[in-house]
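User: Could you take a close look at one part of this model with me? I would enjoy a connected walk through it.

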Amino acid sequence: MATRECPHCHLRVFMLKDGICPSCKRDVDDLSGVDVRKSRVELVATTQIPHVCVMCGTPTSRVIQVTGHDARPSVTYGPGGLSLFLSVLGLIFLPITVFFSERRDSHAIAGYSRSLPQCELCSTEEIKLISVDSLRETMTIVADREFISELRRLNG
Ligand SMILES: [Zn+2]
Ligand SMILES: [Zn+2]
């Protein structure tokens, strides 16, 4: 079963029967009220960002700092899950547990931020963040399709 981007919340989801998004409970085939110019795009650390507004695709030199925090700081198979596992094993592992816990906490607080172009006209609106993964230095945002095509052109 393939995942699909929900046009309403832009999450990549497995559809429920009848094409209902499990996240926002809306019909993925009902495009009423949907801005069809907008789509999700993943930015990795090496992604070159074009000089066009994320929100409308207009060329701009104005940039803003967008900061997000990891949506899943306590992901069970990461260091956090390991520390939980070690806690169960007992006090002998306490120093290690503390080390991993601190690491996870500072990681969660730090989040991830990067500069993104946003024109003057769009400055009253916030760039929509879908998810941030500070460990992988990855940020997924909702962007105008002109921004996305410029981004693809720039990054090959
Ligand atoms: Zn949805
Ligand atoms: Zn704009």
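How many bridges join strand 6 to strand 7, and do they run parallel or antiparallel?

Analyst: Happy to! This is a predicted model, where local features need pLDDT of at least 70 and side-chain atom pairs count only at pLDDT 80 or more, while totals for chains, interfaces and linings use all residues. Residues are numbered from 1 along each chain as its sequence is written, and chains are lettered from A and ligands numbered from 1 in the order in which they are written.

Strand 6 (residues 129–133) and strand 7 (residues 138–144) run antiparallel, joined by four bridges. Strands here are DSSP runs of E with at least two residues, and helices are runs of H or I with at least four, numbered from the N terminus; two strands pair if DSSP finds at least two bridges between them. One of the bridge pairs sets S131 against T140 in strand 7.

Four residues lie between the strands of this hairpin, and E137 there takes a positive phi near 50°, although E137 is not a glycine. E137 counts as partly exposed, with 14 C-beta neighbours inside 10 Å (buried means 20 or more other C-beta atoms within 10 Å, exposed 12 or fewer, partly exposed in between, with C-beta atoms placed from the backbone).
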